[in-house]
Amino acid sequence: IEVLDARFIEETRNIELEEEILKKGKKLIFAINKADLINRQKFKTNLHPYVLLSPQQRFGSVRLRDLLKQMSKKVEHTQKNKDNLNKTLIGVVGYPNTGKSTLINFLVGRPVAKTGNEAGFTKGLQKLSLTKELMILDSPGVIPAEEYSMSEKDKMSKQTLLSARSSGKVKDPEVSIQYLMEEVPGVIEKYYKLAPQEDSELLLEELAIKNNFKKKGNKPDVERAARLVLSDWQNGKIKMG
């Protein structure tokens, strides 16, 4: 299962990983998560098979479980479990903080996988039982090598936008806000009830003034305002559509 962010499907895909999975003859399901943050009536994708999910609004788990059961019957099994049943291992992969562990808990129906809003919360593999025949492997989030950077602002801004980097740790959060404004124009202003803006600095100044965020010299604290926006974005408070 590749878990994708419904707001940025293509941006959260790992094409290299997908190709490797298919090259090894494995089955691939696209779990399009956080679907409560988009307008589902306008949703379109060429990916197949896929399932739209929202653990927050409790939809999609039945469809995904049924699809897993169907596809597991087509998998070639090399060993049986202690109940003499074929056991299918299901890997859950994707960008950091796309909601992999939350999705697993939603599927299983109880909190078996550790979760957290901070990117990189899952540190190692977790093997979890879905049914007697299905075993899930939760894995840490992975950023494709060509997109990873600790210094290039554009790459880091994109990773922050996709929640792959924690809002509290990213450098130059204002750059990420400009990137967000260009990718999803109008959503920040709508959420905070601000006047439409094209310049991120002006928007952040207005937001800082509105929230009484100040620094020395009684100037608007735009960095604090930027981190507020990133935190609300990554926690799913700011919705698209």
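Helices α5 and α7 pack at an angle of about 110 degrees, with their axes 9 Å apart; helices here, like strands, are DSSP runs numbered from the N terminus (H or I and at least four residues for helices, E and at least two for strands). That angle makes α5 roughly perpendicular to α7, on a scale where angles under 35 degrees count as roughly parallel, over 145 as roughly antiparallel, 65 to 115 as roughly perpendicular and the rest as oblique. The axes are lines fitted to C-alpha atoms, for helices over the stretch in contact, and the angles run from 0 to 180 degrees between N-to-C directions. From α5 the contact draws on E174, I177, Q178 and M181, and from α7 on S200, L203 and L204, where contact means heavy atoms within 4.5 Å. Sorted by class, the contact of α5 with α7 holds four nonpolar, two polar and one charged residues. In this scheme Ala, Val, Leu, Ile, Met, Phe, Trp, Tyr, Cys and Pro are nonpolar, Asp, Glu, Lys and Arg are charged, and the others, Gly among them, are polar.

The model is a predicted one, in which local features need pLDDT of at least 70 and side-chain atom pairs count only at pLDDT 80 or more, while totals for chains, interfaces and linings use all residues. Residues are numbered from 1 along each chain as its sequence is written, and side-chain values use heavy atoms, with hydrogens and water left out.

For the protein chain as a whole, the secondary structure comes to eight helices and eight strands. Of its 241 residues, 49% count as buried; buried means under 20% relative accessible area, exposed over 50% and partly exposed in between, with a 1.4 Å probe and protein chains only. Among contacts in the protein chain between residues at least 6 apart in sequence, 51% join residues at least 24 apart.

Back at the helices, the buried residues of α5 are P173, S176, I177, L180 and M181. They cover an arc of only 140 degrees around the axis, which puts them on the same side of α5; the arc is that of the directions from the helix axis to the C-beta atoms. Helix α7 (residues 200-210) buries S200, L203, L204, L207 and A208. These residues lie on the same side of α7, because their arc around the axis is only 135 degrees. The partners of the buried α7 residues are α5 (173-183), α6 (187-192), β8 (219-220) and α8 (222-234).

The contact of α7 with α8 can be described in the same terms. Their axes come within 8 Å and cross at roughly 90 degrees, so α7 and α8 are roughly perpendicular to each other. On the α7 side E201, L204, E205, L207 and A208 take part, and they meet V222, A225, A226, L228 and V229 of α8. The residues of this contact divide into eight nonpolar, no polar and two charged.

The N-terminal end of α7 is capped by D199, with a side-chain oxygen 2.7 Å from the backbone nitrogen of E201. This is a polar contact, a pair of N or O atoms within 3.5 Å; within protein, one must be able to donate a hydrogen and the other to accept it, and residues adjacent in sequence count only if both atoms are side-chain atoms. Just after α7, N212 takes a positive phi of about 60 degrees.

Further backbone features are found in loops. Most residues other than glycine have a negative phi, and most peptide bonds are trans. K34, in the loop between β2 and β3, is not a glycine and yet has a positive phi of about 60 degrees. K34 is buried, at a relative accessible area of 13%. R58, in the loop between β3 and α2 (61-72), likewise has a positive phi, near 60 degrees, without being glycine. R58 counts as exposed, at 58% relative accessibility. A cis peptide bond joins H48 and P49, with omega at about -10 degrees; P49 sits in the loop between β2 (30-33) and β3 (50-52).

The loop between β4 (88-94) and α3 (100-108) holds T98, which counts as buried at 0% relative accessibility. The side chain of T98 reaches the backbone oxygen of Y95 at 3.0 Å. Leaving aside residues up to four places away in sequence, T98 touches V3, D5, T12, N33 and K34. In helix α3 itself lies S101, buried with a relative accessible area of 7%. S101 and S139 are 38 residues apart in sequence and 8.5 Å apart in space, C-alpha to C-alpha.
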